[in-house]
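My notes follow in the order I looked things up.

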Amino acid sequence: MSMDRVVRLALATALGLLVFLALISINYSSKPSAKKPAGYVILEFDDGYAEIYDAFKIMQKHGYTHASLMMPTAFISPSTTHRQYFYDMCGDDPWVCDYFETLSYAEIRQMVDGGWDVQAHGVSHIPLSTLDLKDSTDYRSFMREILTPKRVLKEWFGQEPVAFTPPHLGLTDEQWKIVCQHYEFVVRRVAEEEDALNYVFDNPDERQNMRAFHVFYQGFDEQMEALDRILTKLETEKAVVIILIHRVSDQDARGWDITTQELKELLSLLEKHGFTDENVINYSILHQLVHSEEWST
Ligand SMILES: [Zn+2]
């Protein structure tokens with residue numbers, strides 16, 4: 001072997017080693033992972049509390065422009081000086097309630113212009129399962145609760161809702177069948193860690209049987225640990241995880257609210273798993289994704 005060849009061989013080996021080292025360093029240093037996750041996340045904010053406007057701003061700061069607001073149509077405030085109120089429980093005692101301010105039309109408009117959508121959560125937030133469909137007055141109330149959002153939200157915000165989350169997640173089987181005739185996506189219950197992934201792409205039946213993973217103030221850390229494992233699965237599995245949030249408040253977070261700090265932690269967890277604005281979506285985008293796939297096959 002000539003001296004020249006030895007030098008060239010040594011150089012080639014060194015170069016190969018450098019490339020190898022560069023590759024493994026890329027592999028281990030780049031966090032969040034550069035690879036796009038296979039699945040999608042929807043942050044669903046129920047009930048339209050006024051503080052959700054702050055959540056919208058916090059999400060924007062993190063580069064997340066999409067989320068779904070499940071807004072009872074009677075809760076939409078005419079303006080910030082003419083608020084509607086959600087008369088709701090203050091804490092665990094079901095007999096102690098108070099008035100909670102709800103979002104104004106202009107605030108929701110801004111959120112919709114920023115990329116959010118407004119989906120159906122009834123009109124007045126009455127528990128639908130208490131309505132007896134054999135009673136004509138109850139039947140009319142039920143139909144009003146599920147159909148009015150389609151009309152009002154379309155007229156006010158220009159988008160017909162495609163998703164329905166029943167207040168208190170309560171529907172009888174008979175009621176659920178009627179809701180399924182009018183909405184493409186229906187949230188049926190709270191998710192366990194084991195069934196938090198909704199396989200809406202491969203299995204159309206799942207679209208009206210969705211489970212939402214509830215995050216809230218009580219036990220937030222354990223929920224984040226579970227969500228960490230759920231999002232790891234979602235990096236490689238084509239499914240959608242619904243994260244259910246109520247009010248975001250630092251003053252008087254109830255057991256089922258979260259604080260702004262907790263919202264930021266949740267967003268950091270999404271970032272850690274490589275979820276960008278492209279994979280953190282809302283129900284309108286999910287509707288498009290599900291169908292663009294069906295049209296192309
Ligand atoms: Zn609700």
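I began with the contacts between residues at least 6 apart in sequence: 72% of them join residues at least 24 apart. I note here that the model is predicted. For the secondary structure I counted eight helices and ten strands. I then checked burial, and 37% of the 297 residues count as buried.

**Core**

I looked up the largest nonpolar core, which has 68 residues. The members that touch the most other members are V41, I42, L69, F213, V241, I242 and I243. Which strand gives the most to this core? It is β9, residues 240-245, with six residues.

I took I243 from that list and asked for its contacts, leaving out residues up to four places away in sequence. I243 touches V41, L43, E44, F213 and V215. Two of these, V41 and F213, are also on the list of core members with the most contacts.

I took L69 next. I found L69 in strand β2, residues 68-71. Is L69 buried or exposed? I get 27 other C-beta atoms within 10 Å, so L69 is buried, the cut-off being 20 or more. Beyond residues up to four places away in sequence, L69 touches F45, G48, I52, I108, M111, W116, V118 and Q119. I also checked L69 against D46: the two are 23 residues apart in sequence, and their C-alpha atoms are 6.1 Å apart in space.

**Positive phi**

I looked for positive phi in residues other than glycine and noted D47 and L169. D47 has phi near 85 degrees and is found in the loop between β1 (40-46) and α2 (52-61). I count 22 C-beta neighbours inside 10 Å for D47, so D47 is buried.

L169 has phi near 50 degrees. I place L169 in the loop between β6 (163-164) and α5.

**Helix pair α4 and α5**

I looked at how α4 (residues 136-157) packs on α5 (residues 173-182). The angle is about 20 degrees and the axes are 11 Å apart. That makes α4 roughly parallel to α5, since angles under 35 degrees count as such. I record the crossing of α4 past α5 as right-handed. On the α4 side I list F142, I146, L147 and K150, and these meet Q175, V179 and H182 in α5. I sorted the residues of this contact into four nonpolar, two polar and one charged.

**Helix pair α6 and α7**

I have α6 passing α7 in a right-handed crossing. From α6 the contact takes in F220, M224, L227, D228 and L231, and from α7 E262, E265 and L269. I sorted the residues of the contact of α6 with α7 into five nonpolar, no polar and three charged.

Conventions
Residues are numbered from 1 along each chain as its sequence is written. This is a predicted model: local features need pLDDT of at least 70, side-chain atom pairs count only at pLDDT 80 or more; totals for chains, interfaces and linings use all residues. Axes are lines fitted to C-alpha atoms, for helices over the stretch in contact, and angles run from 0 to 180 degrees between N-to-C directions. Helices (H or I, at least four residues) and strands (E, at least two) are DSSP runs, numbered from the N terminus. Angles under 35 degrees count as roughly parallel, over 145 as roughly antiparallel, 65 to 115 as roughly perpendicular and the rest as oblique. A crossing is left-handed if the near helix is turned anticlockwise from the far one by less than a right angle, and right-handed if clockwise. Two residues are in contact if their C-beta atoms, placed from the backbone, lie within 7 Å. Ala, Val, Leu, Ile, Met, Phe, Trp, Tyr, Cys and Pro count as nonpolar, Asp, Glu, Lys and Arg as charged, and the others, Gly among them, as polar. A residue is buried if 20 or more other C-beta atoms lie within 10 Å of its own, exposed if 12 or fewer, and partly exposed in between; C-beta atoms are placed from the backbone. A nonpolar core is a set of buried Ala, Val, Leu, Ile, Met, Phe, Trp, Tyr and Cys residues joined through C-beta atoms within 7 Å.
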